[in-house]
Amino acid sequence: MIDLFSYFDLVILAISFWPGNVGYKYFYTLNAPPEAEFIRTIVDWIFSELKDKCSFVYEDGFVGLASRVEEMNSCLDMNLNEVRFIGICGKSGMGKTTLARIVFDKIHNQFEACSFLENVREVSKAHGLERLQEQLLCDISKEALRVRDVNKGIQVIRNILRDKRVLIVVDDASEKRHLEALAGKSWFGPRSRIIVTTEDECLLKSNEIQIVCKANGLNNDEALQIFSQKAQCENDLLDLGKDLVTYAQGIPLVLKVLGSHLCKGAK
């Protein structure tokens with residue numbers, strides 16, 4: 001029993017708002033799905049529409065990222081049928097992970113399966129690459145699979161992924177073995193997209209990742225804006241704030257930390 005809408009109401013909703021009148025064609029067929037399946041389809045579509053809108057709000061909340069997201073969209077080129085690897089390179093604190101997360105949230109619903117493997121360097125040191133392979137397998141297959149050996153993990157991942165269109169982010173990769181264990185060059189189905197964030201551009205080159213988006217420092221206006229958001233400076237602290245912005249060299253993380261400390265010191 002549906003509390004808020006009758007089945008008829010949901011059909012009308014789908015027919016009214018579904019792009020290209022797909023709802024009408026979908027419902028008026030001889031093989032129209034049963035009530036629960038049809039409603040689930042509507043909910044999935046509405047959810048995907050809302051996710052797209054939410055991602056724009058998320059992006060707008062981060063100073064200096066709009067142009068980087070545009071660059072990433074160009075690098076991803078979602079219309080291409082090939083598997084594409086994209087690197088995001090820059091020193092620590094430049095916002096590589098934030099950029100990858102925004103892009104991931106924005107496009108993940110266009111793929112059969114997706115996985116965001118965060119802090120690969122840290123997690124592999126603490127728990128081994130097997131833990132990350134387990135996370136990847138769980139995200140992709142929705143099953144809890146145990147990996148006892150990295151090489152066996154590679155075989156299982158390759159077998160599961162080879163026909164799937166997937167989106168995978170390997171965040172903070174620092175060694176060749178990270179990519180060999182988590183994102184081999186020939187593992188993925190057509191139109192897959194693999195994003196690798198790293199401080200080491202040579203790592204990308206050694207893995208033949210030629211499409212690279214560089215996470216450069218913020219310009220002066222952007223830096224002052226992000227610093228001011230954290231510091232909420234009084235007028236008598238503005239000059240000091242400008243000096244600190246120069247010192248931070250456009251690195252977002254440094255700007256946030258300095259801004260927060262200045263704010264606490266002022267109080």
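1. Start with the middle of the fold. The largest nonpolar core has 29 residues, and Val166, Ile168, Val170, Leu182 and Phe188 touch the most other members. Such a core is a set of buried Ala, Val, Leu, Ile, Met, Phe, Trp, Tyr and Cys residues joined through side-chain atoms within 4.5 Å; buried means under 20% relative accessible area, exposed over 50%, and partly exposed in between (1.4 Å probe, protein chains only). In general terms, nonpolar side chains in soluble globular proteins tend to be buried together.

2. A word on what we're looking at. This is a predicted model, in which local features need pLDDT of at least 70 and side-chain atom pairs count only at pLDDT 80 or more, while totals for chains, interfaces and linings use all residues. Residues are numbered from 1 along each chain as its sequence is written, and side-chain values use heavy atoms, with hydrogens and water left out.

3. Back to that 29-residue core. Two or more residues come from each of strand 1 (84-89), strand 2 (113-117), helix 7 (129-141), helix 8 (150-161), strand 3 (166-170), helix 9 (176-182), strand 4 and helix 10 (201-206). Helix 7 gives the most, with 5 residues. Helices (H or I, at least four residues) and strands (E, at least two) are DSSP runs numbered from the N terminus.

4. Leu182 is worth a click. Setting aside neighbours within four places in sequence, Leu182 is in contact with Leu117, Val120, Leu129, Leu132, Gln133, Leu136, Val170 and Trp187, where contact means heavy atoms within 4.5 Å. There is also a second, separate core of 23 residues, including Val69, Cys75, Leu167 and Ile195.

5. Strand 2 is largely enclosed by the rest of the structure, because 5 of its 5 residues are buried. Ala113, Ser115 and Leu117 cover one side, with Cys114 and Phe116 on the other. Phe116 stands opposite Val169 of strand 3.

6. Arg193, in strand 4 (residues 193-198), is buried but has no salt bridge, and the nearest side chain of opposite charge, Asp77, is 5.9 Å away. (A salt bridge needs a side-chain nitrogen of Lys or Arg within 4 Å of a carboxyl oxygen of Asp or Glu; Lys and Arg count as positive, Asp and Glu as negative, with His and the chain ends not counted.)

7. Salt bridges: a search of the whole structure finds 8. In one of them, Glu82 pairs with Arg84, their closest N and O atoms being 3.3 Å apart. Glu82 is partly exposed at 40% relative accessibility, whereas Arg84 is buried at 15%.

8. Two further salt bridges to check. Glu175 and Arg177 meet at 2.7 Å, N to O; Glu175 is partly exposed at 32%, and Arg177 is partly exposed at 37%. Arg101 and Asp105 meet at 3.9 Å and, being 4 residues apart in helix 5 (residues 96-107), are separated by about one helical turn. Arg101, Asp105 and Glu118 are linked in a salt-bridge network.

Note on methods:
Two strands pair if DSSP finds at least two bridges between them.
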